[in-house]
Each structure stands twice: as C-alpha cells, then as structure tokens.
Amino acid sequence: MTIGVIDYGAGNLTSVLKGLSAAGAAADVVRRPPDIEDVEALVIPGVGHFASTKALDGDWRRSIYGAIDASRPVLAICLGMQWLFQGSDEAPALDGLDLLAGRCTRLAGTGVKVPHVGWNTLTRLPRPSRMLDGVEGERWAYFNHMYAAPVGRDTVAVTTHGAVFASCVEQGGVWGVQFHPEKSAATGLRILANFVALAREGS
Amino acid sequence: MLAKRIIACLDVRDGSVVKGIEFQDLRDAGDPAALARRYNDEGIDELIVLDVSATIEARLALLETVRRVAQELLIPLGVGGGIRSLEDAKAVFDAGADKVSLNTAALRDPAAVTALARVYGSQAVVVAIDAKREEGEFRVFSRSGSAREARDAVSWAREVEGRGAGEILLTSIDRDGTKQGFDCELTAAVSGAVAIPVIASGGAGAPAHFVEVFRDGRADAALAASIFHFAEHGIADLKRYLAEQGVPVRL
C-alpha cells in the first residue's frame with residue numbers, strides 16, 4: 001500500500017513524507033495527475049497562498065475527483081484543506097474543489113495576531129470521527145496560517161483564534177486538517193496513523 | 001487558546017552547536033541532531049538552527065545538519081544564517097526546514113522578504129532583528145551584531161511586516177548570553193507595533209525571565225539556547241512552571 005503525496009509546487013513535502021513514514025506508511029511523491037492511479041490513498045499538502053492552488057486546476061482536479069469517487073482516502077493539510085471548500089477570500093478568482101460548503105476567510109479578532117502561528121487546542125464536536133480516534137486529553141496541534149474554513153456539517157473539531165474555525169473536517173474518507181499533523185508531535189502522529197489505517201483497509 | 005511557545009536555538013558552526021556570550025567566545029555544546037532529539041523528547045515547541053559560520057564549505061555542512069536535525073523532529077524547524085536568495089531558501093526547505101529566517105540579507109535587499117513570501121507564504125518567512133540600546137533607541141545591527149545599521153528596530157519590524165514577513169525573531173544584543181533576562185521593553189515595543197508574532201531572544205537565564213517576557217514583553221514566543229544546552233533547566237520543568245504562573249503553554 002502506497003500513499004501518494006501530491007506535488008503541485010506548494011511547499012515542503014519532506015516533512016509530510018517523514019510524518020507518514022513515522023506513522024508506518026510507504027509514501028511517495030505524485031508528480032503527474034495520471035500517477036494518482038498508482039497509489040491507494042492521497043495526501044494534498046500545501047503551505048502558502050491560495051493562489052498556488054491554481055496549479056491544481058484542470059487535470060489534477062479531475063484526477064482527485066476520480067480518486068474520491070473511487071472511495072480512495074484523501075488527507076488534505078492546511079492550504080490543501082482550504083482547497084476542499086468552495087474557495088478563499090485570499091484568491092477570490094480561484095475555485096476550490098467545492099466538496100465542502102463555504103468559503104475560507106481571513107482570521108481576525110481584537111488583540112489576535114495573524115498569521116496564527118503556534119500550538120493551539122482542538123475541541124472535538126459531538127460527532128463520530130475516525131480521524132480523531134484515540135486522540136485524547138488536551139489535543140495540541142501546530143498551526144501556521146492566515147485564512148481559515150467555516151464550521152459546517154463536516155466539521156469534527158474546531159479551534160479558536162479570534163474566531164472559531166474548522167480545524168478538522170471529515171466527509172467519509174476525505175479528511176482535512178488546518179494544522180500540520182506532521183509537525184504536531186503525538187497528536188499529529190496519531191492522526192497520520194489513523195489515516196494510514198484507513199488507507200490500508202481500502203487496499 | 002494559542003500557547004506561548006518555547007523555542008530552542010541551535011547556533012551551529014561547521015556542523016557543531018556552539019553558543020557565545022554577546023556573540024563572542026563561542027563554546028562547543030555538542031551534536032545538533034542529538035540535542036534536537038533531546039529537546040523534541042522534552043517537549044520543546046519549535047527548534048531554530050542558526051548557522052553562525054559563513055563560508056561556502058560550512059553552508060554545505062549546514063544543509064547536512066538541517067537534514068539530520070529534521071529527521072529527529074515532529075515539530076517545526078526554522079533555519080537561518082546566510083540565506084540570501086530563493087535558491088538558498090529552496091535548498092534549506094528541501095533539506096527539511098519549515099521556515100527560513102533572514103537577517104542581514106533582508107536589510108541589504110528588503111524585496112527578498114516579499115519574493116520569499118510570494119513563493120513559500122508569509123508563514124514560512126521569519127525576519128531576524130538584532131537590536132541594541134543606543135541613545136534611547138533600539139538600533140538594528142547586522143552581520144552577527146558587528147555592523148551598525150541606520151534603522152531602529154520598531155520601524156524595521158513594521159517595514160518587514162508590510163513586506164510579507166510572517167514572524168519576527170527579535171534578539172537583544174545587550175542581553176544575549178548574559179542570562180540577566182530578556183529585554184522586555186524592546187520586546188514590548190516591537191510586539192505592540194506589529195500584528196505578526198514576535199519571538200523574544202537574548203538573556204534567558206531563569207524560568208522567571210520567561211514569565212516576564214510573555215507578560216511584560218508581550219512576546220508570542222521565547223527563544224533560548226545555552227540555558228537548555230547545558231541542561232541547567234529542563235524544558236518540561238520550565239513549561240510546568242509557566243503553567244503554574246498562568247502562562248498558556250503546551251504540556
């Protein structure tokens with residue numbers, strides 16, 4: 001079983017690959033949309049500006065939709081998670097994947113610094129979540145972002161920084177996290193391990 | 001609630017960790033990967049590797065150090081020292097860094113901050129500011145504290161924020177290595193002037209100094225090196241102490 005990490009030119013794949021490997025998975029970089037066929041599960045990483053998701057338009061978008069239709073698990077991280085929504089105020093002209101309802105907006109609040117950088121807590125919502133299975137106690141995760149997704153019916157955990165935003169979303173086998181699990185010590189490792197377990201089931 | 005971060009700094013020269021007193025008399029504190037593993041296990045929130053050597057040979061050695069350190073971590077890693085171009089930054093990101101820190105390079109070419117933020121995002125770009133008190137001002141110094149600049153720290157911080165920096169690593173040259181406590185006035189002046197996080201550095205010598213810089217200095221994170229390297233204060237003990245004092249920390 002191989003987990004493919006999509007390389008669309010946004011950010012650091014090294015950490016994500018290392019995190020998946022620490023969670024016990026064989027992970028490889030996927031550089032061309034057709035190569036999605038060769039992996040059992042997908043990670044959509046990404047840091048930086050929403051504009052860089054422009055590279056996901058066209059063939060990538062079709063191939064990712066295809067993988068989701070074929071029930072292959074997807075884990076979208078940070079900017080990758082934002083891309084699951086309809087779009088973001090950061091680059092209003094671009095469309096997200098539109099799998100989840102709502103648009104991402106800039107974080108704001110009195111006395112709140114943006115970017116939201118550092119360790120913050122995940123508050124679980126009373127909904128079943130495979131992603132958060134076994135994530136117990138105070139759940140600290142490492143965030144580094146300026147825009148955030150709205151809380152909706154697929155939100156399984158929220159975080160507060162100025163406002164309350166969706167920090168974990170889950171729609172079947174499509175998972176999204178606003179923080180960086182590969183940088184979030186034990187909590188992050190558990191979420192990655194849960195994803196690896198999900199990917200194994202399907203393969 | 002967002003936690004206040006405790007960051008350990010590894011000053012690396014020729015692949016080995018050193019820490020000086022006021023940027024001089026560097027002494028050897030050991031293998032960077034071994035220290036990184038220890039800090040990670042003790043619950044440090046973030047690690048920064050600063051290359052204090054400048055030769056080409058040393059720069060190649062730095063990339064190997066970053067690779068080895070990144071291998072030990074499931075927490076964020078920042079890297080600074082001698083990063084001048086997008087190519088330098090790319091090599092460091094590819095080696096496993098999550099953030100790069102610019103100091104002298106940002107002063108020489110402020111547009112480099114914007115260029116880096118466009119490609120990697122503001123959250124990956126830290127501007128390091130070394131400041132020294134001088135005639136009622138906080139004067140910026142470059143080249144590891146050796147070159148006096150025309151700018152003051154507060155206005156320079158505002159400028160780099162406008163240019164796309166995502167964080168400021170603010171070092172008090174007066175306090176660096178002295179263990180007499182952070183310069184809370186300097187930190188508060190910069191932190192109050194910008195909307196991006198400020199990491200306070202220079203002067204950590206006792207757990208109480210961290211409480212001061214978070215409360216009075218309004219720091220978002222505090223960085224120390226020698227206090228951790230020589231095992232004077234364990235990171236877990238420090239964080240428990242901070243929690244008792246009402247500072248939000250990740251335990």
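**Entry 1: Glu135(B).** I located Glu135(B) in the loop between strand S7 (125–134) and strand S8 (137–142) of chain B. This is a predicted model. Is Glu135(B) buried or exposed? I read 79% relative accessibility for Glu135(B). Exposed means over 50%, so Glu135(B) counts as exposed. I also checked its separation from Leu2(B), 133 residues apart along the chain: the C-alpha atoms are separated by 36 Å.

**Entry 2: cavities.** I searched the whole structure and found one cavity of 30 Å³ or more. I noted a volume of about 90 Å³ for the largest cavity. Which residues line the largest cavity? I listed Val47(A), Gly48(A), Cys78(A), Leu79(A), Gln82(A), Glu90(A), Asn144(A), His145(A), Met146(A), Tyr147(A) and Gln123(B). Helix H3 (79–83) of chain A supplies at least two residues of this lining. Strand S9 (140–145) of chain A also supplies at least two. I sorted the lining by type and got five nonpolar residues, five polar and one charged.

**Entry 3: confidence.** For the complex, I took down an ipTM of 0.87 and a pTM of 0.91 from the predictor. Chain B averages a pLDDT of 89, and 92% of its residues score at least 70. Where in chain B does pLDDT stay under 50? I found this over residues 21–26. The model has 19 contacts beyond four places in sequence for residues 21–26 of chain B. Where pLDDT is low, the predicted coordinates should not be read in detail.

Note on methods
Residues are numbered from 1 along each chain as its sequence is written. Chains are lettered from A and ligands numbered from 1 in the order in which they are written. This is a predicted model: local features need pLDDT of at least 70, side-chain atom pairs count only at pLDDT 80 or more; totals for chains, interfaces and linings use all residues. Side-chain values use heavy atoms; hydrogens and water are left out. pLDDT is the predictor's confidence in each residue, from 0 to 100. Contact means heavy atoms within 4.5 Å. Helices (H or I, at least four residues) and strands (E, at least two) are DSSP runs, numbered from the N terminus. Buried means under 20% relative accessible area, exposed over 50%, partly exposed in between (1.4 Å probe, protein chains only). On a 1 Å grid over the protein atoms alone, a cavity is a set of points where a 1.4 Å probe fits but cannot get out, and a pocket is an open set with protein on both sides within 12 Å along at least five of seven lines; lining residues have an atom within 4 Å of a point. Grid points are joined across faces, edges and corners, and a volume is the space filled by probe spheres set on the points. Ala, Val, Leu, Ile, Met, Phe, Trp, Tyr, Cys and Pro count as nonpolar, Asp, Glu, Lys and Arg as charged, and the others, Gly among them, as polar.
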